[in-house]
Structure formats: structure tokens, C-alpha cells
Amino acid sequence: MTDPITKMFDDLFTITETKTRVTATLLPPKTKVLKGIVLGVARLKNTLNGNPRYVLYVKSNGRTIEYKTEPDGGWVYGIDFYNLAEKEIEYYSKNKIITILGVEFDYE
């Protein structure tokens, strides 16, 4: 059993670890982090500010759901959407707008 402080931290933050640093990202209140497999990705028209948007088809809990990335989301530049198919991701969504928290890549 985890202590209350650890549980509260796990509910508020997601932890990203790389070789050089650990990043804690604050999650919106009452956010449930989901896991799924990306079945397909398509590019949408850019926003009025010129930022890219994508539509993702994610299989989670036996259902395939269509999500769109948020308009003018800066995190979009950190994801390689062209190599995202068949990868497992951690994400949260609100009103079919997805925010990807992590991607599992196999480095060879």
C-alpha cells in the first residue's frame, strides 16, 4: 500500500525519465491517464497561427477512438507522428482532444 503523499503526487503529476533528467508534468485536476495503441495518424490543416494538427486513431480498452490534437499545442512539435503507428502511448483526453504524455519506442 502506498502512503497518502505518494498517492497524491501520482494523481497530480506524470513523471518522464530520460538519461539526463526527470521531468514532472502537472496534470489537470481529476485527469485519468489512459494507455492505448495508435492505429493510424493523419495530418490536418494547420491552425490560423500556422501550427500543425493531427488526428489519431487509438485503440484503448477494445474500442477505437478518433482524437484530434489541441490547436496551437506546443507539445505537438516533440512527437514524431510519422513513426507513431502501432506504438503504445500514455495520454489523457477531454472532449476528443488528446494530449500525449509518453510514447514507448523500441530503440535498436
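Reader: In what order do the 5 strands close into a barrel?

Author: This is a predicted model, in which local features need pLDDT of at least 70, side-chain atom pairs count only at pLDDT 80 or more, and totals for chains, interfaces and linings use all residues. Residues are numbered from 1 along each chain as its sequence is written, and side-chain values use heavy atoms, with hydrogens and water left out. Strands are DSSP runs (E, at least two residues), numbered from the N terminus, and two of them pair if DSSP finds at least two bridges between them. The pairing in the barrel is mixed, and the order is 3-4-5-7-6.

Reader: In which sense do strand 3 and strand 6 pair?

Author: Strand 3 covers residues 34–43, and strand 6 covers residues 88–94. Gly 36 has Ile 89 in strand 6 as its bridge partner. Over 4 bridges, the sense of the pairing is antiparallel.

Reader: Which residue forms a salt bridge with Lys 35?

Author: A salt bridge is a side-chain nitrogen of Lys or Arg within 4 Å of a carboxyl oxygen of Asp or Glu. Here the closest N and O atoms are 3.7 Å apart, and the partner of Lys 35 is Glu 90. Lys 35 lies in strand 3 and its partner in strand 6, so the pair ties together parts that are 55 residues apart in sequence. The residue asked for is Glu 90.

Reader: Is Lys 35 buried, partly exposed or exposed?

Author: Buried means under 20% relative accessible area, exposed over 50%, and partly exposed in between (1.4 Å probe, protein chains only). Lys 35 has a relative accessible area of 49%, so Lys 35 is partly exposed.
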